[in-house]
There are 4 protein chains.
Amino acid sequence: MNFASDNIVGASPPVLQALTQANVGAMAAYGGDEITRRVKARFNEIFEREVSVFLVTTGTAANALALSSAVPPYGLCVCHREAHVIDDECGAPEFFMHGAKLAGLPGVGAKLTAEGVSAYLRGLPRAVKQMPPKALSISQVSECGLVYDLGELKELGDLCREHGLAFHMDGARFANALVSLGCTPAEMTWKQGVDILSFGGTKNGCLMAEAIVVFRPELAESLDYRSKRAGQIVSKGRLISAQFEGYFAGDHWYENARHANRLAKLLSAGLSELPGVRLAWETQANEVFPIIPAAMDKALKEAGVLYHPWTELSLPAGETVGPNEALIRLVLSFATREEDVHRVLAIARSASSRQAAE
Amino acid sequence: MNFASDNIVGASPPVLQALTQANVGAMAAYGGDEITRRVKARFNEIFEREVSVFLVTTGTAANALALSSAVPPYGLCVCHREAHVIDDECGAPEFFMHGAKLAGLPGVGAKLTAEGVSAYLRGLPRAVKQMPPKALSISQVSECGLVYDLGELKELGDLCREHGLAFHMDGARFANALVSLGCTPAEMTWKQGVDILSFGGTKNGCLMAEAIVVFRPELAESLDYRSKRAGQIVSKGRLISAQFEGYFAGDHWYENARHANRLAKLLSAGLSELPGVRLAWETQANEVFPIIPAAMDKALKEAGVLYHPWTELSLPAGETVGPNEALIRLVLSFATREEDVHRVLAIARSASSRQAAE
Amino acid sequence: MNFASDNIVGASPPVLQALTQANVGAMAAYGGDEITRRVKARFNEIFEREVSVFLVTTGTAANALALSSAVPPYGLCVCHREAHVIDDECGAPEFFMHGAKLAGLPGVGAKLTAEGVSAYLRGLPRAVKQMPPKALSISQVSECGLVYDLGELKELGDLCREHGLAFHMDGARFANALVSLGCTPAEMTWKQGVDILSFGGTKNGCLMAEAIVVFRPELAESLDYRSKRAGQIVSKGRLISAQFEGYFAGDHWYENARHANRLAKLLSAGLSELPGVRLAWETQANEVFPIIPAAMDKALKEAGVLYHPWTELSLPAGETVGPNEALIRLVLSFATREEDVHRVLAIARSASSRQAAE
Amino acid sequence: MNFASDNIVGASPPVLQALTQANVGAMAAYGGDEITRRVKARFNEIFEREVSVFLVTTGTAANALALSSAVPPYGLCVCHREAHVIDDECGAPEFFMHGAKLAGLPGVGAKLTAEGVSAYLRGLPRAVKQMPPKALSISQVSECGLVYDLGELKELGDLCREHGLAFHMDGARFANALVSLGCTPAEMTWKQGVDILSFGGTKNGCLMAEAIVVFRPELAESLDYRSKRAGQIVSKGRLISAQFEGYFAGDHWYENARHANRLAKLLSAGLSELPGVRLAWETQANEVFPIIPAAMDKALKEAGVLYHPWTELSLPAGETVGPNEALIRLVLSFATREEDVHRVLAIARSASSRQAAE
């Protein structure tokens, strides 16, 4: 019953199979192979337009490379103060951007609002001492499991246009957001003004496959060189592209994300019914963030359920976690079994009953 | 008949099988898993002492990270002027070292001599305008297919101690060198003074598996952070460690390298017999560098044999490539079939006979 | 009546005279001259011990170089969120530190407390995703005109020792702080645990003279190289050292700072007496931060008094600036004339009377 | 008799006087002052068009900042292998360019030819492993005292256009070159295709005043920010601009350069007459590079004449320095006294006679 993250399992079977098949025979190295060509064409189809695609090995590399193409070394990139790029990557963006700065803004549920960003930008001094803002980066799904809807994306996209910012989306859980909104990849990205996307595959069924998808051609110009000098162009490039081929085939990636999101709803609904349990943020994708009684937290842990505590930093105004409560995160993935969700709910229910009885 | 490089095939079957087996079930992410622990212990056995090991995705990343731990941003790293680190990585070392400089020295067969390095170091101005030398990097196997013997390594190791340089070995073809010398991994590295090693797996049977092996503990201190901020800590870390497990099992890696080296000798000997063919550099590992008549070059290409032309930059004194000759590189790998070597030799022989007849 | 900053005047006469005298004749370039040697010896006397001194051209360079010697590229430097290093230098520290990050903490009057820093450090995740804290930087005088007393410095120094942090002091207004505390340079720095100091000369009488003073020898090792590669070693080095010679002669620097601080007290006391005026932060050095009625703000401006509005970010708990009030900063320098202070007070008084009359 | 360099004296009197006059009174900081505005307008006149000007403190900073605006972190900058930027700045360009690489080409007299650069560019692999060339940097005067004529500059300028390279001129001795060619500043720069210039003042009469002059507007866009984050915007900005005002007034800078060049010719002609003395490179500006008998070298040193030995790296084909000879550099400046030149010649003549007598 491991709900710690969606990267604790291997690849889903169709992805592994595609990888195994691609292993045979000689092919051009460094992405010059046929599979990579096919996969890049597939990205064009998926996004309903020509895009530039760069395959890399980790989400951290995807984010850092994407930002490095958009932000000069003296520039500023605006993001949420809990964003993965500012909080979880040991300074990778600052390294790849050569010292450019991330400005972390507050926002409920780890989401930014056009209003909040706009106020921040207006407040910046117009002086050479102030690094000029050059990009906005958001996480779709957010670090609190929320999904920006198309209207919100549009507003942020318009804001970026107005202020001359590149608009970056960290899509480590892109598929989960897509399934949540029920829209197309194009609608969730460039049609709202997104310029460059970290397209995650690893968390939703791949072994190790991430892509940078570029919608504004000039942001793609340097990425081959930047990727090479970051040690991100793997010699047996088919390794990554084959995974994506398996991932996309028969809409397998949608299936995986639907499964994870559905189980998240199931878990979320089941927990919410219990007395003393409430959601810190709505369950919109594949992560559940309940605030639970300390006794339930203890019972779950003792039963061997694995998950992480979470920070209160982006709770809605007025909401707090009580002294006998715990705010936790449970992540559902393509590999989570429905029976495990029911087991967790049973443990929670039982803890809840015991507490009521006391 | 693809002799272009040793990275144009996939993984060897035992490696792929290990990867497939490791795919099952949930495990801690980011290298916290059991397989990674086992593989790190295995490295200790292989090197007959405690070593620090960092698993990364590419040889470029391994080299650049290794050098970044040894050379401060204002320092100098001495290497051969044809070294992979200076010539083939789009500035990755300079990026990871934050602007530190690589000084490329000449040397026959892309090898450095203690004498040559020593003379270079003595000639440097003692002034603040001169970046201070902090590391020496060599390629074992060299870019011209040569192998440093233990005496040469010892001399370079002693020189590094004397001048306070860290000693880095780019072992992209580590196994091929090992098999060539018939010594142990310990003898080829730390016992001669090597401080930090890029241990290649990809070219000799892995899909994508490289390791940084550190023999001087203080060089290991920052590498976890540096690796993370370079986007080189993959979330499903077992992906890389499982490959190494399959690679090491039953000395599979030695077997692969022996095969490649043996076929290289076979090809080398066969070509050398032909009139008008001579070796630019002795065949010591898995690469053959013959100087062949232009007609033979043409015949091989027309027959579909794939290989690269090579640079004359590091030819022995007095040696040149004539106007009707070509200097080429043929790379043999674990996957090369002996019959393909015989086919190449047959084509060459036939071209040779035709030319004699004319 | 220019109270905008303490860098809006030229050099004080003895400094300019020293510079003029030093202009004559040939001397070794790049700091190899006699004057530079004398000045470095003078720093040893001033700090009552052997120190390493690096002369640079700007405070920004002094801060950024100092931090770069203490914080590796993957490290974290803790400072106040209004610190000059994080807010006013266009990312110079991040540039010189090669992407290392500044973490800006809150604190009344732009001061950090040992307690606040300690709580922050305890809250950091122990994980490779978290950049490890490597230095603490404080501004003495703070950005709100406050001075850390020796006890506060000692507590921060002890905290740095405990957590293995280098302790940096931005002493752009070092002399003003010194005169305020009435202690020795040694007492205000290394005796409380300060490891490296940006010693400002420009704001207190020099034309352009800043020094990095290093108390922990290993932090000095790389600074010559770092300074050279930052374009901070001026060829006619006597230019900077001669200024310091004039600055130190006959305790001219103390005199200048005493003058500025005394006038600040005068201005502060005079303003505080007026109805509707209160100090945002106590006047401890050469800056006055009054909260004044909007009408007085208007009157001062109309009379041609130059100064900057200031941010409310670090006001004491409970304090706010009302809708008809302004928080401003007035800076007094060695060159401020006492009569100008009286003129400002007269204008303020008159505005105050008018308002009372209405 | 100090001929070691042209930075071993202070400022020339008119420059110092301008600085002293500018010291008085309050002015806006950070280059917002009136003098800076006037000086920038003066640069427009001097170059007969609108230019962007950035005042900095050292030639190293001017070069490194200029290159950083032209070369992205993954790019290549072509220069001579003895260029100041590659050899004498402790890696400043690599630091400011964030790891971009300098490629040092050979060339007689430390000059590059369009033919040589063109051949180098054609030989670069067209592959992502190769950092793409983005700029060409030349030194006018060259490191061997030679001056590119207008035709040579034009050829290099055309080459840059053809290959999309920015064309940078390191003009540390700009005035000496100008006087040597007898052309206008416009003719020696943008009219031949120069895009960005390091305009030196320090060596020819200033105390510390260098400027980056930009002819291609897009290269100027980021320079204010880059300069600020490099600690190169001095708070009392008038310090630098006032020097330039004195430097330009009454064509003082031309006068200084003419004096230095004339004395160089005098010294050069005098030495060349002596038996056993020949010039390594023609004397075209203010530096003399004679190859002299070892006995004369000894006599000069014993008489207290100060100068540096020089490298043979860029001697004309066929030329070498014999075992009993020395290649030296003598630098003449605005401050050199004609009588000192005659004294040097007398010592040399006397040494020459003694040798003839033996």
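**Close-up 1. A salt bridge links Lys101(D) to Glu94(B).** In this predicted model, the closest N and O atoms of Lys101(D) and Glu94(B) lie 2.9 Å apart. The pair belongs to an interface with a count of four salt bridges between chain D and chain B. Charged residues figure on the contact side of chain D: six are charged, three polar and four nonpolar.

**Close-up 2. Polar contacts cross the interface of chain D and chain B.** Eight residue pairs are in polar contact here, with both partners at pLDDT 80 or more.

**Close-up 3. Chain D and chain B bury about 1,200 Å² between them.** Carbon and sulfur atoms account for 49% of that area. On the side of chain D, Cys90(D), Lys101(D) and Lys129(D) lose the most area to chain B. Together these residues make up 43% of what that side buries.

**Close-up 4. The contact joins 13 residues of chain D to 13 residues of chain B.** The same surface serves both copies, and 100% of the contact residues of chain D recur in chain B.

**Close-up 5. A rotation of 180° superposes chain D on chain B.** The shift along the axis is 0.0 Å, and the RMSD is 0.0 Å. The two copies are therefore related as by a two-fold rotation axis. Gly99(D) comes closest to that axis of the residues of chain D, with its C-alpha at 2.0 Å.

Terms used. Residues are numbered from 1 along each chain as its sequence is written. Chains are lettered from A and ligands numbered from 1 in the order in which they are written. This is a predicted model: local features need pLDDT of at least 70, side-chain atom pairs count only at pLDDT 80 or more; totals for chains, interfaces and linings use all residues. Side-chain values use heavy atoms; hydrogens and water are left out. Copies are superposed by least squares on the C-alpha atoms of residues with pLDDT of at least 70 in both. Contact means heavy atoms within 4.5 Å. Buried area is the accessible area (1.4 Å probe) that two parts lose on being put together, summed over both. A salt bridge is a side-chain nitrogen of Lys or Arg within 4 Å of a carboxyl oxygen of Asp or Glu. A polar contact is a pair of N or O atoms within 3.5 Å; within protein, one must be able to donate a hydrogen and the other to accept it, and residues adjacent in sequence count only if both atoms are side-chain atoms. Ala, Val, Leu, Ile, Met, Phe, Trp, Tyr, Cys and Pro count as nonpolar, Asp, Glu, Lys and Arg as charged, and the others, Gly among them, as polar.
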